[in-house]
Amino acid sequence: MKHRRNKKPSGTAPIYAFAGAWLVFALSFPLYRLWQLILCSAASLFTALIVYLLLKSQAAKYEPVPEDEAKEEKKVSQKPEKSYGPEVDAVIAEGKIAQKEMGRLYSSIQNPDVRRRINELMAISDKIVRDAIDDPSDVPQIRKFLDYYLPTTIKLLNAYDRMSAQDIEGENISGSMQRIEDMLDTAIAAYKKQLDSLFANQALDIETDIEVMNGMLAREGLGGKSYLDMKDFMKNATAQGDGPVQARPS
């Protein structure tokens with residue numbers, strides 16, 4: 001059964017402690033004078049207070065919780081995160097693991113230029129992974145990124161981390177570290193292209209929507225492509241002349 005904290009102690013132990021302390025003092029010392037009685041009473045009260053505080057600290061730890069309330073709390077604690085579907089959820093989970101590892105490498109590697117590049121790679125890769133939420137049709141393309149490009153980058157960063165910890169200026173170590181640093185710039189450019197390519201479908205949809213709207217506006221006499229072309233012509237003519245183009249009198 002689950003427990004929660006109590007608010008106040010229970011039991012009669014402090015009373016017994018007071019009586020027991022009084023009896024001990026009465027048997028050990030003569031209680032013929034007032035100050036002796038006062039001293040005995042004070043010592044007995046102090047003993048009872050100590051016992052009370054001890055009981056309070058023990059009783060404050062746990063108390064039973066009704067079974068239905070315990071089940072409700074367990075249900076809330078086990079409430080899963082929002083699901084976007086098996087494929088998207090898997091992409092997000094792998095992205096989080098990669099982000100965690102890259103964060104560890106960022107903390108371990110001391111080279112400020114490499115840390116800057118890692119930070120940029122983390123930001124771009126997070127956007128790539130989160131694109132799966134906005135457009136699940138991009139999952140196959142993102143999956144390729146997660147299966148090869150991102151793990152390979154992490155693998156090379158781990159190698160860089162191990163070599164930088166050697167504190168040796170050897171030809172192999174220094175040359176390999178420099179090649180990895182150069183690779184990071186290439187990876188950043190590739191990551192950006194990967195992110196941009198994920199918006200190809202959206203760009204096509206936007207272009208299609210614009211063409212459809214222009215056609216509808218033109219048919220309704222509200223503008224459309226011919227209207228936009230005329231606005232560009234007037235704008236160019238104004239820019240080339242001394243002032244706005246004036247219409248000829250009829």
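At what angle do the axes of α6 and α7 cross?

## Helices α6 and α7

This is a predicted model. The axes of α6 and α7 cross at roughly 155 degrees and come within 10 Å. Angles over 145 degrees count as roughly antiparallel, and α6 is therefore roughly antiparallel to α7. In passing α7, α6 makes a left-handed crossing.

On the α6 side, the contact is made by Gln141, Phe145, Tyr149, Leu150, Thr153, Leu156, Leu157, Ala159, Tyr160, Met163 and Ser164. These meet residues of α7, including Ile173, Met177, Ile180, Leu184 and Tyr191. By class, the contact of α6 with α7 has 14 nonpolar residues, 6 polar and 1 charged.

## The largest pocket

The volume of the largest pocket is about 220 Å³. Helix α6, which spans residues 139-164, and helix α7 each supply at least two residues of its lining. Among the lining residues are Phe145, Tyr148, Tyr149, Thr152, Met183, Thr186 and Ala190.

The lining of the largest pocket has 8 nonpolar and 4 polar residues, and no charged ones. Phe145, Tyr149, Thr153, Leu156, Met183, Tyr191 and Gln194 belong to the lining and also take part in the contact of α6 with α7.

## Helices α5 and α7

Helix α5 covers residues 112-134 and helix α7 covers residues 171-197; their axes come within 10 Å and cross at roughly 20 degrees. The two helices are therefore roughly parallel to each other. The crossing of α5 with α7 is left-handed.

From α5, the contact uses Val114, Arg117, Glu120, Leu121, Ile124, Ser125, Lys127 and Ile128. From α7, the residues include Glu181, Leu184, Asp185, Ile188, Lys192 and Leu195. The contact of α5 with α7 is made up of 9 nonpolar, 2 polar and 6 charged residues. Glu181, Leu184, Tyr191 and Gln194 of α7 touch α5, and these four residues also meet α6.

## Helices α4 and α6

Helix α4, residues 86-108, packs with α6 at an angle of about 20 degrees, and the axes are 11 Å apart. That angle makes α4 roughly parallel to α6. Their crossing is left-handed.

Residues of α4 in this contact include Glu87, Val91, Glu94, Ala98, Met102 and Leu105. Among their counterparts in α6 are Ile142, Arg143, Leu146, Asp147, Leu150, Ile154 and Leu157. The contact of α4 with α6 has 12 nonpolar, 2 polar and 7 charged residues. Leu150 and Leu157 of α6 take part here, and both also belong to the contact of α6 with α7.

Notes:
Residues numbered from 1 in each chain as written. Predicted model: local features only at pLDDT ≥ 70, side-chain atom pairs only at ≥ 80, totals over all residues. Heavy atoms only, no water. Axes fitted to C-alpha atoms, helices over the stretch in contact; angles between N-to-C directions. Parallel < 35°, antiparallel > 145°, perpendicular 65-115°, else oblique. Left-handed = near helix turned anticlockwise from the far one by under 90°. Contact = heavy atoms within 4.5 Å. Nonpolar A, V, L, I, M, F, W, Y, C, P; charged D, E, K, R; others polar. 1 Å grid on protein atoms, 1.4 Å probe; cavity = no way out; pocket = protein on both sides within 12 Å on 5 of 7 lines; lining within 4 Å. Points joined across faces, edges and corners; volume = space filled by probe spheres on them.
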